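Trainee: Could you walk me through this one slowly? I would like to learn how to read it piece by piece.

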Amino acid sequence: MKIDNLKPFNGQHGETTATGTLLRQLGIELSEPILFGLGGDKDILEEN
């Protein structure tokens, strides 16, 4: 599959890089610390 106009997110962690790239395609720009925090919230929800 070819994705036109892909602008990859330059992150230091695989999870935040993938999430940042997907969100950027939707026009949402977030910093890596914010993306990292969003991933941490997911774990809290799964434990409860």
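This is a predicted model: local features need pLDDT of at least 70, side-chain atom pairs count only at pLDDT 80 or more; totals for chains, interfaces and linings use all residues.

Trainee: Okay, how many residues does α1 have, and what distance does it reach?

Mentor: Helix α1 has twelve residues, and from its first C-alpha to its last it reaches 17 Å, which is close to the 16 Å expected at 1.5 Å a residue.

Trainee: And which residues of α1 are buried?

Mentor: T16, G20 and T21 are buried in α1. They cover an arc of only 130 degrees around the axis, so they sit on the same side of the helix. On the other side of α1 you will find G14, E15 and L22, which are exposed.

Trainee: Switching to charges, how many salt bridges are there?

Mentor: The count comes to two salt bridges. In one of them, the side chains of K2 and D4 meet with N and O 3.9 Å apart, and both K2 and D4 are exposed. R24 forms a salt bridge with E29, where the closest N and O atoms are 3.2 Å apart.

Trainee: What about E32, where does it lie, and how far away is the nearest side chain of opposite charge?

Mentor: E32 lies in helix α2, which covers residues 32–47. E32 is buried yet has no salt bridge, and the nearest side chain of opposite charge, that of R24, is 10 Å away.

Trainee: Then what does E32 touch?

Mentor: Leaving aside residues up to four places away in sequence, E32 touches F9, G11, Q12, H13 and T16. For H13 there is a further detail, as its backbone nitrogen lies 3.1 Å from a polar atom of the side chain of E32.

Trainee: Last topic, the backbone: which residue has a positive phi although it is not a glycine?

Mentor: That is N5, with a positive phi of about 60 degrees, and its place is in the segment before α1. Most residues other than glycine have a negative phi. N5 counts as exposed, because its relative accessible area is 69%.

Definitions and conventions:
Residues are numbered from 1 along each chain as its sequence is written. Side-chain values use heavy atoms; hydrogens and water are left out. Helices (H or I, at least four residues) and strands (E, at least two) are DSSP runs, numbered from the N terminus. Buried means under 20% relative accessible area, exposed over 50%, partly exposed in between (1.4 Å probe, protein chains only). The expected span of a helix is 1.5 Å times one less than its number of residues. The arc is that of the directions from the helix axis to the C-beta atoms. Lys and Arg count as positive and Asp and Glu as negative; His and the chain ends are not counted. A salt bridge is a side-chain nitrogen of Lys or Arg within 4 Å of a carboxyl oxygen of Asp or Glu. A polar contact is a pair of N or O atoms within 3.5 Å; within protein, one must be able to donate a hydrogen and the other to accept it, and residues adjacent in sequence count only if both atoms are side-chain atoms. Contact means heavy atoms within 4.5 Å.
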